[in-house]
Amino acid sequence: MNTDQIILFTLFLVVFALLLWGRWRYDIVAFGALMVAVVLGPVEAEHAFDGFGHEATLIVALVLIVSAGLVRSGAVYLITRTLVDSSRRLGGHIALMGGIGGVLSAFMNNVAALALLMPVDIQTARKAGRAPGLSLMPLSFATILGGMATLIGTPPNIIISAIRADSLGESYRMFDFAPVGGLAAIAGLAFVALVGWRLIPVREDAVVRRSDIANYVAELTLPEGNKQIGKRVGELTEAADKADVVIIGLIRDGKRLYGNARNNILQAGDALVLEATPEALDEFRSALSLAFSDDRREELLQADSEGLDILELVVSPDSRIAGKTAQAVGLSWRQRAVLLGISRQGRRIQSQVRKTEVQPGDILLLLVQKDTGGDVADWLGCLTLADRGLAVTQDTKTWAAIGLFAGAVLLASIGVVDLAIALGLVVIAYVLMRVIPLQELYDHVEWPVVVLLGSMIPLGQALETSGGTSLIADSLVWATDGWPAWAILTALMVVTMSLSDVLNNTATAIVAAPIGIQMADRLDVSPDPFLMAVAVAASSAFLTPIGHKNNTLILGPGGYRFGDYWRMGLPLEILVVAVSIPAILVFWPL
């Protein structure tokens, strides 16, 4: 190996290790690696930022904006509100929601598709009296599967198409992925709807304790003059039991008193640490005349407000509050909102709620001024667990929005106009029609993903130009020497899937696609079968909650544990490989 290869391999190993560790966000890790590569030499300074102007990066950003436009126009809710029925049996509900999610994610970003459908699914579970965890994982997997079918359905497909254009002079068209990715998606959706959901572990308290989505660890404060002052904590047990609340601790002068502190005499300003659902929490507060927070914060909320709302939010990996505390982001003074409680997959919070570092997948219980919940959720970058009604605010433009998008897809599919240009024209039209307000235009771009792509593309190109991808390809060809073509493709898919299960699928595609091209070159066959294998495998992250952002988003609302995913995910990944390999050999022969 030469010096550049050693530096790049080391950098990629460090990047992968840091992504697995998860301490720093993936865009910071990737950008830091790019800067190190520029300083050390493998990436030339004049090409350091080529990735930010790369077609793949632009298409990903445009797809996110167009997806937001389809939501804001009411186009998607036109489908879900018409078809979803809480009285439908679970298997039928999963099949219907999975089908809707799969179709939507083929034409809009799959994270956006899940973000839109998750509140619908949760509300349906509430009405049906069943645990949301029974249907949320199938929905997440369905939205991941659907993205495999088209060029714009998922970032790996966009990246692989761009890499093909750079290497072979021509990119893939809109529906070139459909013969393989579409078949894999259909088979996967059928498995999820008929068999897969039955493999999800159902815990004894799932329906009873999860029927209201989550039990929160929350705090209620004793204001001055409260009738409970002077009583022992243990004397509140009867009222707590009646409201279905568990008293798990006491906070005094900012310090947590561990245990439930049953014998402590209550004082003004004390905060009771409770475990309860939102409804039970409010019932207990009303019964004992407690305060949601301290007097100062509650007065701040009430000022110039027509009332208060309770808001439930699920924290995404890219949320403003992920990895921070409510105090650190200035939630109370920036948004006039108070963090009441946190639900974290059944694990108890050991510090003050407002001083607890929030993690992706947590569910937050917030007290906000009336009718400001949508703004607070957008500012935090979290997803609401209830329909905010934003999708129908532009319902007079629903069909116009659908028509513009369909026209762009058609024109791009038949090669009349480049996909990036077609999507760009749709964005301009949405702004002129005020489907997307101009001031909100860039709010819908997932900037951490843009930075990740902009940083990883030059690193991937440097790995290829330095001969690094050739070295990896030679090693894989050597390891599979004498194997039949289908076995070599299977090996490439398994390796790529394994990476995607623990790493960002975008990063996986950037690294694996050039390796696939190099393997095809060594074997003197067409590179398309190898690129298709990488495309499907990079999107098949079903074993863990960290492999795909959709899986992370459902972790808290579904009440899942880390080890729950592989039960349905492992047979699903095996099925995807079993369906994809024959399809590749038929539609993209060697």
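This is a predicted model: local features need pLDDT of at least 70, side-chain atom pairs count only at pLDDT 80 or more; totals for chains, interfaces and linings use all residues.
Residues are numbered from 1 along each chain as its sequence is written, and side-chain values use heavy atoms, with hydrogens and water left out.

**Helices α8 and α21**

- Helix α8 spans residues 155-168 and helix α21 spans residues 505-523, where helices are DSSP runs (H or I, at least four residues) numbered from the N terminus.
- Their axes come within 9 Å and cross at roughly 35°, each axis being a line fitted to C-alpha atoms over the stretch in contact, with angles running from 0 to 180 degrees between N-to-C directions.
- The crossing of α8 and α21 is right-handed, a term that applies if the near helix is turned clockwise from the far one by less than a right angle.
- On the α8 side, P155, P156, I159, I160, I163 and S167 meet N505, T506, A509, I510, A513, P514 and I517 of α21, contact meaning heavy atoms within 4.5 Å.
- By class, this contact of α8 with α21 has ten nonpolar residues, three polar ones and no charged ones (Ala, Val, Leu, Ile, Met, Phe, Trp, Tyr, Cys and Pro count as nonpolar, Asp, Glu, Lys and Arg as charged, and the others, Gly among them, as polar).

- T496 lies in helix α20, residues 485-502, and is buried, with a relative accessible area of 2% (buried means under 20%, exposed over 50% and partly exposed in between, with a 1.4 Å probe and protein chains only).
- Leaving aside residues up to four places away in sequence, T496 touches T508, A512, V534, A537 and A538.
- The C-alpha atoms of T496 and A535 are separated by 9.1 Å, although these residues are 39 residues apart along the chain.
- A polar atom of the T496 side chain lies 2.8 Å from the backbone oxygen of L492.

**Aromatic pairs**

- The count comes to six aromatic pairs, with rings of Phe, Tyr and Trp (its six-membered ring) pairing if their centres lie within 6.5 Å, and planes under 30 degrees apart counting as stacked, over 60 as edge-to-face and the rest as tilted.
- F49 and F52 form a tilted pair, 6.1 Å centre to centre with 45° between the planes; F49 is partly exposed at 48% relative accessibility, and F52 is partly exposed at 27%.
- Y560 and Y565 form an edge-to-face pair, 5.8 Å centre to centre with 65° between the planes, and both tyrosines are buried.
- Y172, F177 and W588 are linked into a cluster by ring pairs.

Notes:
Helices (H or I, at least four residues) and strands (E, at least two) are DSSP runs, numbered from the N terminus. A polar contact is a pair of N or O atoms within 3.5 Å; within protein, one must be able to donate a hydrogen and the other to accept it, and residues adjacent in sequence count only if both atoms are side-chain atoms.
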